[in-house]
Amino acid sequence: MFTLAEVASLNDIQPTYRILKPWWDVFMDYLAVVMLMVAIFAGTMQLTKDQVVCLPVLQSTVNSKAQPGTSGKADFTTVETTTGQGEEASMRTVSFGSAPTVTPDVPLSRATSSQYQPTESGQELKKEQKDSSGRKTNLDFQQYVFINQMCYHLALPWYSKYFPYLVLIHTIILIVSSNFWFKYPKTCSKIEHFVSILGKCFESPWTTKALSETACEDSEENKQRLTGAQSLPKYVSTSSDEGSPSASTPMITKSGFKFSADKPMIEVPSVTILDKKDGEQAKALFEKVRKFRAHVEDSDLIYKLYVGQTVIKTVKFIFILCYTANFVNTISFEHICNPKVEHLIGYTQFECTHNMAYMLKKLLISYISLICVYGFICLYTLFWLFRIPLKEYSFEKVREESSFSDIPDVKNDFAFLLHMVDQYDQLYSKRFGVFLSEVSENKLREISLNHEWTFEKLRQHVSRNAQDKQELHLFMLSGVPDAVFDLTDLDVLKLELIPEAKIPAKISQMTNLQELHLCHCPAKVEQTAFSFLRDHLRCLHVKFTDVAEIPAWVYLLKNLRELYLIGNLNSENNKMIGLESLRELRHLKILHVKSNLTKIPPNITDVAPHLTKLVIHNDGTKLVVLNSLKKMSNVAELELQNCELERIPHAIFSLSNLQELDLKSNSIRTIEEIISFQHLKRLTCLKLWHNKIVNIPSSITHIKNLESLYLSNNKLESLPAAVFSLQKLRCLDVSYNSIALIPVEIGLLQNLQHFHITGNKVDILPKQLFKCVKLRTLSLGQNCITSIPDKVSQLLQLTHLELKGNCLDRLPATLGQCQLLRKSGLVVEDHLFDALPSEVKEVLNQDTSIPFANGI
């Protein structure tokens with residue numbers, strides 16, 4: 001038999017799990033304990049007191065009258081021995097049933113008869129004995145014991161014998177069913193993590209701080225309503241649909257005043273204190289909650305298991321009730337037994353009594369009552385499980401009561417666990433919701449960020465860029481530190497990979513700020529901050545993965561001069577992801593788009609009338625539609641790089657104000673259309689480098705105002721004389737082609753200042769080259785040149801001479817006469833420089849700062 005202490009361990013759930021046990025589970029646990037007590041009580045009584053007492057049923061009344069009523073002879077020979085020993089059991093019995101009453105004589109033993117002393121005459125005693133009724137059974141004690149044992153197993157119903165054990169087994173099954181979801185490996189690990197995280201979130205100092213801030217904000221808002229104060233500045237929505245702000249916008253607007261320069265946030269001093277250790281623990285909790293949610297929300301195993309065990313308990317209740325109700329009437333005090341041992345006893349039928357019958361019947365009725373209550377609770381649990389969608393959990397009430405309006409609704413097992421917690425105490429869910437809110441997490445990050453990035457630390461990261469401007473680059477931070485906006489002399493601010501960047505009103509202190517970089521950083525701005533950026537920002541760089549990452553306020557910066565957009569503007573499902581209207585950018589002069597365009601975005605035409613420079617850098621995607629270029633009448637510089645162009649687009653020829661054209665890294669093979677450039681009177685720079693051009697047409701002479709011509713990295717084999725008729729040409733770059741000869745006509749280019757022919761097959765330098773006395777840069781590297789003429793001394797303005805990679809055996813000593821040439825500008829093998837005369841090397845090694853400045 002099990003003791004209560006041994007069985008109690010089955011129901012020993014850790015105290016921390018009590019938050020997942022609703023009232024019905026707790027009540028069913030208590031019912032199970034009571035049922036265990038019933039089983040143990042019934043089993044104990046059965047082991048100590050359970051027995052059956054049987055007496056034989058004698059012959060019928062007719063047969064009994066045929067026998068002499070006063071005969072002292074027994075039916076069996078054993079009667080005399082048993083009666084002589086005084087061991088015969090004497091009892092007066094009354095026949096049961098409808099048979100006539102038969103009262104056999106029951107002889108008194110000597111011990112018994114000695115108790116009755118003759119107080120009257122023998123006649124009276126004889127009369128009394130004559131009036132007594134009953135028959136002697138003539139059975140000894142061992143025979144009664146034998147019959148009792150036989151009839152206990154034959155006549156007693158099985159339910160009366162095994163009732164305590166059945167109750168114990170049923171109760172254990174019910175206990176196991178109730179607690180199986182706490183023990184099953186696939187669910188207990190999730191439950192353990194959930195209870196652990198929930199407890200830490202409930203007790204975290206950050207939870208108290210966040211909810212206290214909410215209370216402070218609500219009280220401040222109520223105060224403003226009562227006093228009629230103006231509403232606080234709102235954030236400019238980052239959603240592309242301005243009419244329907246994003247879900248996070250109201251929350252940010254409500255809690256954003258803490259960053260406002262106009263109105264400081266009122267907080268309780270004791271609440272604002274959050275030490276570094278608490279902050280790190282809160283960060284870890286946010287990470288745990290995020291990972292736990294991703295792990296649990298993808299399945300509903302816990303919900304299904306709980307439903308399954310509830311169904312099992314309900315089926316178990318129905319089963320117990322059905323078969324137990326049939327045995328209530330079978331538990332009786334009286335039983336008829338037919339052991340079929342007449343050859344041993346002499347009787348065929350016995351009347352038996354079960355001394356535990358009344359107690360067992362009462363215990364059974366009590367057990368059935370408990371099972372009925374248990375079953376009704378199971379039915380209620382099923383009703384609760386299917387009445388509401390437990391696989392969905394909404395934090396709507398928490399969102400209404402707090403400023404954390406972005407707390408997401410959860411589903412599946414995560415939602416079910418929260419529903420179970422609500423049955424214990426809804427305060428757990430409210431405090432836990434703080435750690436599901438991105439706004440709450442961002443507030444924590446801001447506090448930690450401001451502790452880490454102080455003004456002194458930020459000042460150390462400020463550097464000077466190539467334009468000699470003060471620049472600060474912040475990379476992969478959780479937000480923008482408040483101390484950044486105290487750097488009032490900052491010129492350039494770069495924010496990279498800061499997904500939760502917020503620009504507060506304090507940015508208005510940065511009066512020198514004119515350039516802003518947002519690299520994968522969809523920053524949000526307050527209204528005051530936006531007003532400042534709209535009036536002061538001149539240059540903006542936005543790097544994005546999807547066009548939706550471009551903040552909406554970018555399209556409203558009316559004083560912006562330069563806009564750089566770098567990111568994906570095409571997708572597989574959409575040929576062109578449209579930008580928002582650029583119509584508000586009224587002062588935009590430079591637009592730089594680095595993307596994968598198939599056509600020029602239509603919205604660029606909104607700024608076409610006042611755009612002076614357009615740059616499109618593709619990633620190799622073929623740019624097909626270029627008709628929009630015709631509307632850009634004021635464009636002076638146009639770059640179409642890596643656009644897979646095979647010919648010069650005709651739309652370019654209508655750009656009458658074009659001064660510089662760059663078609664780098666395309667697939668242009670022929671430039672016969674170059675004759676149309678004669679209509680572009682202002683074209684001074686033509687860059688056709690990194691293409692597949694084989695020859696230069698003679699019609700290039702019609703571009704009379706051309707000053708720079710870049711044809712490097714093509715497939716040219718010769719330079720036509722027509723090139724040298726461009727008298728205004730100052731820069732000619734034909735590097736990395738297959739040119740073997742420099743025409744003597746090069747001497748006609750008297751204004752030539754930069755000549756690059758590196759990486760060709762030139763072996764002889766014509767003397768006419770040195771008539772270009774204005775040459776400052778001469779790149780002749782990686783050719784087949786064997787000697788440098790002494791006339792190189794005529795290039796008095798030469799500052800850069802590249803000769804490395806040729807077949808030279810010496811350098812001319814006349815290099816020393818090139819007044820502006822110094823060793824730093826002479827690119828040549830070391831042994832050739834060492835072979836120069838010492839006085840020449842001395843001249844080349846002189847300080848170049850003053851002469852070079854004068855040369856420029």
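In which strand does His756 lie?

Guide: This is a predicted model, and what follows describes that model. His756 is part of strand S21, which covers residues 754-756. Leaving aside residues up to four places away in sequence, His756 touches Leu732, Asp733, Val734 and Ser735, and also Thr777 and Ser779.

Now the cysteines. A disulfide is a covalent bond between the sulfur atoms of two cysteines. Searching the whole structure turns up two disulfides. One of them joins Cys54 to Cys352, with an S to S distance of 2.0 Å. This pair links distant parts of the chain, 298 residues apart: Cys54 sits in strand S1 (residues 52-56) and Cys352 in strand S3 (residues 350-354). The link of Cys54 and Cys352 is right-handed, with 110° about the S-S bond. Cys54 has a relative accessible area of 1%, so this residue is buried. Cys352 counts as buried because its relative accessibility is 1%.

Another disulfide runs from Cys151 to Cys337, with an S to S distance of 2.1 Å. Cys151 belongs to helix H7 (residues 141-154) and Cys337 to strand S2 (residues 334-337), so the pair ties together parts that are 186 residues apart in sequence. Here the angle about the S-S bond is -90°, and the link of Cys151 and Cys337 is left-handed. Cys151 and Cys337 are buried.

If the bonded cysteines are numbered in sequence order, the pairing reads 1-4, 2-3. Cys519, by contrast, is in no disulfide; its nearest cysteine sulfur belongs to Cys521 and is 8.3 Å away. A disulfide requires the two sulfur atoms to be within 2.5 Å. Cys519 counts as buried because its relative accessibility is 17%, and the cut-off for buried is under 20%. Cys643 is also buried, with a relative accessible area of 0%.

Helix H2 gives the most, with four residues. Trp23 is located in helix H2, and it is partly exposed because its relative accessible area is 45%.

How values were computed: Residues are numbered from 1 along each chain as its sequence is written. This is a predicted model: local features need pLDDT of at least 70, side-chain atom pairs count only at pLDDT 80 or more; totals for chains, interfaces and linings use all residues. Side-chain values use heavy atoms; hydrogens and water are left out. Helices (H or I, at least four residues) and strands (E, at least two) are DSSP runs, numbered from the N terminus. Buried means under 20% relative accessible area, exposed over 50%, partly exposed in between (1.4 Å probe, protein chains only). Contact means heavy atoms within 4.5 Å.
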